[in-house]
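User: I'd like to learn how to read a few features from a model. Can we start with salt bridges and then turn to burial and contacts?

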Amino acid sequence: DINGLRFDPRGNLYVVISSTLPEVNGVWKINSDGEKERIAGTGNILLPNDVSVLPNGTLYITDSAMGAVWR
């Protein structure tokens, strides 16, 4: 499931995906060329719910299962 979508100041799109497939679960960055990559470490988030992007590019991701906010 896609749980959140946000753009950063450079136009990159961040997609929060909650999946039972370990290789899919996490936060994915899609740049303007369509290239995608999962943000390192976000596969460890049990239930990624949403993402906020600060002007400096810092991401904050909520984890509903752990009751945590990841940075």
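This is a predicted model: local features need pLDDT of at least 70, side-chain atom pairs count only at pLDDT 80 or more; totals for chains, interfaces and linings use all residues.

User: Which strands hold aspartate 50 and arginine 6?

Analyst: Aspartate 50 sits in strand E5 (residues 48-53), and arginine 6 in strand E1 (residues 2-7), so the pair ties together parts 44 residues apart in sequence.

User: How many salt bridges does the rule give?

Analyst: The count is one salt bridge.

User: How accessible are aspartate 50 and arginine 6?

Analyst: Read the relative accessibility. Aspartate 50 has 25% and counts as partly exposed. Arginine 6, at 34%, is partly exposed.

User: Is serine 18 buried or exposed?

Analyst: Buried means under 20% relative accessible area. Serine 18 has 15%, so serine 18 is buried. Its place is the loop between strand E2 (13-17) and strand E3 (26-30).

User: What does serine 18 touch, leaving out residues up to four places away in sequence?

Analyst: Serine 18 touches Asp1, Asn3, Asn25, Leu47 and Pro48.

User: Where is leucine 46, and is leucine 46 buried or exposed?

Analyst: Leucine 46 lies in the loop between strand E4 (36-38) and E5. Its relative accessibility is 57%, so leucine 46 counts as exposed. Beyond neighbours within four places in sequence, leucine 46 contacts Asn25, Asp63, Ala65 and Met66.

User: What separates the C-alpha atoms of leucine 46 and valine 69?

Analyst: The C-alpha atoms of leucine 46 and valine 69 are 11 Å apart, and the two residues are 23 residues apart along the chain.

Definitions and conventions: Residues are numbered from 1 along each chain as its sequence is written. Side-chain values use heavy atoms; hydrogens and water are left out. A salt bridge is a side-chain nitrogen of Lys or Arg within 4 Å of a carboxyl oxygen of Asp or Glu. Helices (H or I, at least four residues) and strands (E, at least two) are DSSP runs, numbered from the N terminus. Buried means under 20% relative accessible area, exposed over 50%, partly exposed in between (1.4 Å probe, protein chains only). Contact means heavy atoms within 4.5 Å.
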